[in-house]
Amino acid sequence: MIRVVKPDVKTVIDFPIIAGESPTWDEQRGDLWFVDMLAPAALCLRNNGTIDRYEMPATIGCLALCENGEIAVALESGVHILDPVTGCLRLLCNPDGGRGFSRLNDGKVGPDGCFWVGTRDEAVPQTGNARLYRVRPDGSYDTVIDGGLLTSNGLAWSPDGQQMYHSDSSGLYAQVFDFDVNIGIKGNARRLHDFTAEEGRPDGATVDTDGYYWIAGQQGSRLNRLTPSGEVVEAYLLPAKGPSMCCFGGPELSTIYVTTLSTVRNGVAETGTLLAFDVGIKGVPTCRFAL
């Protein structure tokens, strides 16, 4: 039986965002990074409560921390490196190469130190042209999944780094791969879970120290917590219809941060925002791009 939880949720920012995504906790500085995909902008909530905003020249799907203190950003025009001091961008690579009806979407750094970035099929109707790329710090990359996807999303790794989770938001399922830090994924995907309308569309995700997979239920007003075998055991109900991605943060890595999208609930417009609540569960530190 699924345990339904109504957490004490706080709104963290006092301004609206269009399409919040990619919350990422920097445990070294106590900062929280996230993006407004359609603004487009990368934002950083500093540990002193101030917000730094970096306007982007193209739609931004996600971001990732780098070992050298810079920020990797996945834009529609490719993977760039942001200098948070100057705000300058430099192009690292463009794995998607300007393909039509495609843009970089969800991404995250894995335990291999590479930036894994997927794409969304922007065709209407969707044709299944989405991909998943593995980008190395030197700018070289591999196409790991080529076709058969609609919206690549939900990237996360088990605490021991031996499993990689991945979802297709439009396909309404999550899957899991065996993973090796030297070679990446091993073998074929195994279906983890098929999501119902009540559970929401499977969007961005993270894992906790017990190996459970937390995934945003877009349009379902909830976060779903799954066992490593794919059973939904807890549903955290949120005051926003469109949660898009979650991460663990705070001094003890026991605060859940959730970005949301602008949407409509019961005929009333609802703007995107950043939410937070505390849980008695801890997350794992964020992996960093090995620049």
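A charge is taken to sit over a ring if NZ of Lys or CZ of Arg is within 6 Å of the ring centre and within 35 degrees of the ring normal. In this predicted model, Arg191 lies over the face of Tyr173, at 3.9 Å from the ring centre. The model is a predicted one, in which local features need pLDDT of at least 70 and side-chain atom pairs count only at pLDDT 80 or more, while totals for chains, interfaces and linings use all residues. Residues are numbered from 1 along each chain as its sequence is written, and side-chain values use heavy atoms, with hydrogens and water left out.

**Charge over a ring**

- The charged end of Arg225 sits over the ring of Tyr212, 4.0 Å from its centre.

**The sheet β3-β4-β5-β6**

- Four strands form an open sheet in the order β3-β4-β5-β6, with antiparallel pairing; strands (E, at least two residues) are DSSP runs, numbered from the N terminus, and two of them pair if DSSP finds at least two bridges between them.
- Because β3 (20–26) and β6 (51–55) stand at the edges with a single partner strand each, one side of each is left without a neighbour in the sheet.
- On average, neighbouring strands of this sheet are turned by 15 degrees against each other, direction ignored; the strand axes are lines fitted to C-alpha atoms.
- Five bridges join β3 to the antiparallel strand β4 (residues 31–36), and the bridge partner of Glu21 in β4 is Val35.

- Strand β9 (residues 78–82) and strand β10 (residues 89–93) run antiparallel and are joined by four bridges.
- Leu82 has Leu89 in β10 as its bridge partner.
- Six residues lie between the strands of this hairpin, where Gly87 takes a positive phi near 80 degrees.

**Aromatic pairs**

- The structure holds 11 aromatic pairs; rings of Phe, Tyr and Trp (its six-membered ring) pair if their centres lie within 6.5 Å, and planes under 30 degrees apart count as stacked, over 60 as edge-to-face and the rest as tilted.
- The rings of Trp25 and Tyr257 are stacked, because their centres are 5.9 Å apart and their planes stand at 10 degrees.
- This pair links distant parts of the chain, with Trp25 in strand β3 and Tyr257 in strand β24 (residues 255–260), 232 residues apart.
- Trp25 is buried (under 20% relative accessible area, with exposed over 50%, partly exposed in between, 1.4 Å probe, protein chains only), at a relative accessible area of 9%.
- Tyr257 also counts as buried, at 12% relative accessibility.
- Trp33 and Tyr54 form a stacked pair, with ring centres 5.6 Å apart and planes at 20 degrees.
- Both Trp33 and Tyr54 are buried.
- Trp214, Tyr236, Phe248 and Phe277 form one aromatic cluster.

Methods:
Axes fitted to C-alpha atoms, helices over the stretch in contact; angles between N-to-C directions.
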